[in-house]
Amino acid sequence: MKNTRCTPDELARAYVVTRRCSGRGSRGDIQPGTIPLVQHPAVLIQAALQETFRPTAPTEVYSEDQPSFMPRSAEEENWIPIDMLLGCYTMKTRTVTIFHRNIERFANHPLQCNVSDLETIVRLHEYAHALVHLGVFWPEESKVIRDCLMGQETNWNAFLRDRSRAYRSLQSDTHEFLAQTLSWITIGVLQPLTRRYVLQELFVTLMSRQPAHYQLTPDMLGKSCYADPTALLSWVRETPRYKPTQRQPQRQIAEALLRESFP
Ligand SMILES: [Zn+2]
């Protein structure tokens, strides 16, 4: 009787061929010494802002839920509030939830855009909320970790407690200013350029269907692409937060901090 057992080489070749035939991707051509184009929203936002999620990246959940929004005026009938209909970030569980069925529905109509492009913008928006909560600026990472040292180990609970306190103290219009601005800055470094332009256009279209606190002014849109949000991010993560006078609205201070870095 003939021995039909494969050699390891034959087995490996069969596995690779089967995988390729099933249409699953590969890394493609690898150029030594270069970093591949970043595509995943969670990775993209960390790279664009030179931050990393700590202690871990948020959990991402694809939900079958299709939450609804009840307009209370003629103006609101035009709205597609991102955090009510398309996705949300939950600070307590550090979870990004994506309502993919609503994304598909609104992409097909009324936005008439590519579903995956809308999904990318929603994911960026929710990861931006998460980054305000959990992001650490690369050059400051070792100091942040040293400050959390308890005995021989890093006490991430202390880090999370401080960050959650700061996150909770932000007002909703400040939260949305941050999420929108950080998403916009991230889209601004996307490659290739053709994809960047498509997403920039969709971002502006989607913004036009948002409540007032999601809106970015034209100068903010024009110049924040070249802005450095590190001072803004360190301010929003402080507790207690420096405030020149009690009357200064939080969002206006946040906007002024970003404008300080405009070229
Ligand atoms: Zn939001």
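User: Is V132 buried or exposed?
Analyst: Buried. This is a predicted model, and in it V132 has 24 C-beta neighbours inside 10 Å, where 20 or more are needed, so V132 counts as buried.

User: Which element does V132 lie in?
Analyst: V132 is part of helix α5, which covers residues 115–134.

User: And what does V132 touch, leaving out residues up to four places away in sequence?
Analyst: Y167, L178 and V236.

User: How far is V132 from Q112 in space?
Analyst: They're 31 Å apart, C-alpha to C-alpha, with 20 residues separating them in sequence.

User: OK, what about α5 as a whole, how far does it reach from end to end?
Analyst: From first C-alpha to last, α5 reaches 28 Å with its 20 residues, and that is close to the 28 Å expected at 1.5 Å a residue.

User: How many of its residues are buried?
Analyst: 16 of the 20, so to speak a mostly covered helix.

User: Which residues touch the most other members of the largest nonpolar core?
Analyst: I45, A128, L131, L178 and L182, out of 44 residues in that core. Helix α5 gives the most to it, with 10 residues. As a general point, nonpolar side chains in soluble globular proteins tend to be buried together.

User: What is A128 in contact with, beyond its neighbours within four places?
Analyst: The partners of A128 are I45, L178, A179, L182 and S183.

User: Now α8. How many of its residues are buried?
Analyst: Helix α8 has 14 of 16 residues buried, so the rest of the structure largely encloses it.

User: What span should α8 have, and what does the model give?
Analyst: At 1.5 Å a residue, the 16 residues of α8 (172–187) should span 22 Å, and the end C-alpha atoms are 22 Å apart, which agrees.

User: Switching to strands. What's the strand order in the open sheet?
Analyst: It goes β2-β4-β3, three strands with mixed pairing. From one strand to the next, the twist averages 20°.

User: What packs on that sheet?
Analyst: Helix α4 (residues 100–108) does, touching β2 and β4, and its direction makes about 45° with that of β4. Helix α5 also comes in here: α5 lies across β3 and β4, running at about 15° to β3.

User: Do β2 and β4 run parallel or antiparallel?
Analyst: Parallel, with 5 bridges joining β2 (residues 59–63) to β4 (residues 95–99). V61 stands opposite T97 of β4 in that pairing.

User: And how many bridges are there between β3 and β4?
Analyst: 4, and β3 (residues 87–90) pairs with β4 in the antiparallel sense. Here C88 is the residue opposite T97, while Y89 stands opposite V96.

User: Which residue takes a positive phi in the hairpin of β3 and β4?
Analyst: R94, with phi near 50°; that hairpin has 4 residues between the strands.

User: Zooming out, how many helices and strands are there in the protein?
Analyst: 12 helices and 7 strands.

User: What size of box do the C-alpha atoms fill?
Analyst: Roughly 90 × 55 × 35 Å along the principal axes.

User: What share of the protein's residues count as buried?
Analyst: 27% of the 263 residues.

User: Last one: among contacts between residues at least 6 apart in sequence, what share join residues at least 24 apart?
Analyst: That share is 74%.

Technical notes
Residues are numbered from 1 along each chain as its sequence is written. This is a predicted model: local features need pLDDT of at least 70, side-chain atom pairs count only at pLDDT 80 or more; totals for chains, interfaces and linings use all residues. Two strands pair if DSSP finds at least two bridges between them. Helices (H or I, at least four residues) and strands (E, at least two) are DSSP runs, numbered from the N terminus. The expected span of a helix is 1.5 Å times one less than its number of residues. A residue is buried if 20 or more other C-beta atoms lie within 10 Å of its own, exposed if 12 or fewer, and partly exposed in between; C-beta atoms are placed from the backbone. A nonpolar core is a set of buried Ala, Val, Leu, Ile, Met, Phe, Trp, Tyr and Cys residues joined through C-beta atoms within 7 Å. Two residues are in contact if their C-beta atoms, placed from the backbone, lie within 7 Å. Axes are lines fitted to C-alpha atoms, for helices over the stretch in contact, and angles run from 0 to 180 degrees between N-to-C directions.
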